[in-house]
Amino acid sequence: IRVLTIHNLCVILYSIIYSLYLKEKIFFVIYFPIYLCLYFLTEHLVASLSDVIWITDTAIDNLIPFWPGMVVFYCAWYPLLFFTGLYLLINDSLSFRKFITFMIIGFTSAQIFMLLVPNGQSLRPINYLSQIKPDIFTKLLEYLYIIDTPTNVFPSVHVIGSFMVMFAFIDNRKLRCLYKYSFVLTFLISLSTLLFKILKLSFKY
C-alpha cells in the first residue's frame, strides 16, 4: 500500500475547505477522489515501469553537494502552505480562491505530466546515510526517503507550491510587504529539493 504523502493531505484539506467555503461545492468535492486516483495511479504505473522510466540524472547533478540540513526548508513547505492558505481563507476570499485554483491546476498538471512521462532519479545517498553518525537531519531524511519515493520527481510539486505561496503574498495587500521573505523561502525550498536528494558521484549506490 502506497503511503499517502503530506502534500496530498494538503490538497485534500484545502479542497474540503474550499468546497465548503464556495457555492461550487460539487466540483471541488468531486476533485478529491479524481486527484487521489490520479496520484496513486501515477505512483503505481511509474513503479511498475522502473526499467523504462526517464532517469532525470545529469552530469550537472554530480556537481551539486549533498547537504542534509536543507531538509529543514523542505519540511517548512508544509506549514508554509497550510498557514498561507488558512490566512487567505479568513482574510481574503478572492486571493484564497486564486491560491486554491493555482494548487489544483499546478498539482494536477504535474501528475498528468508524470503519468505521460514517467520519471525518477537514482541519486539518493541511502548507503551513505547509514555510514555516518545520525543526527536530526539524517533521521528526518531517512523518514522522507521512505514516504517520498525517488519516482515522479519532475516537475517538483514542492517548487510549484512554493511559487504558489510567493504569488499569494504578492497578491494579498496585507502580505505584500512580506513578499521578499516569501521569495527567499521559495528559493530555499526549491534549492532544498536538490541539496538533500542529489549528491556527489562518489556517494552513488
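Me: Is Phe83 buried or exposed?
Reply: In this predicted model, Phe83 is exposed, with a relative accessible area of 52%.

Me: Which residue does Phe83 form an aromatic pair with?
Reply: Phe83 pairs with Phe82. The arrangement is edge-to-face, at 5.1 Å centre to centre and with 80° between the planes. Phe82 is partly exposed, at a relative accessible area of 27%.

Me: How many aromatic pairs does a search of the whole structure find?
Reply: The search finds seven aromatic pairs. One of the ring pairs joins Phe113 and Phe154, whose centres are 5.7 Å apart.

Me: Why is the pair of Phe113 and Phe154 classed as it is?
Reply: Their planes stand at 75°, so the pair is edge-to-face, the cut-off being over 60 degrees.

Me: Where do Phe113 and Phe154 lie in the chain?
Reply: Phe113 belongs to helix α4, while Phe154 is in the loop between α6 and α7. The two are 41 residues apart, and the pair links distant parts of the chain. Ring pairs also bring Trp54 into a cluster with Phe113 and Phe154.

Me: Turning to α3, what is its span?
Reply: Helix α3 covers residues 71–91 and reaches 31 Å from its first C-alpha to its last, close to the expected 30 Å.

Me: Where does α3 bend?
Reply: The bend is at Trp77, by about 25°, and Pro79 follows within four residues. Trp77 is among the buried residues of α3, as are Tyr78 and Leu80.

Me: How many disulfides are there in the whole structure?
Reply: The search finds zero disulfides. Cys75 is partly exposed, at 21% relative accessible area, and Cys177 is exposed, at 59%.

Conventions. Residues are numbered from 1 along each chain as its sequence is written. This is a predicted model: local features need pLDDT of at least 70, side-chain atom pairs count only at pLDDT 80 or more; totals for chains, interfaces and linings use all residues. Side-chain values use heavy atoms; hydrogens and water are left out. The expected span of a helix is 1.5 Å times one less than its number of residues. The bend at a residue is the angle between axes fitted to the seven residues ending there and the seven starting there. Buried means under 20% relative accessible area, exposed over 50%, partly exposed in between (1.4 Å probe, protein chains only). A disulfide is a pair of cysteine sulfur atoms within 2.5 Å. Rings of Phe, Tyr and Trp (its six-membered ring) pair if their centres lie within 6.5 Å; planes under 30 degrees apart count as stacked, over 60 as edge-to-face and the rest as tilted.
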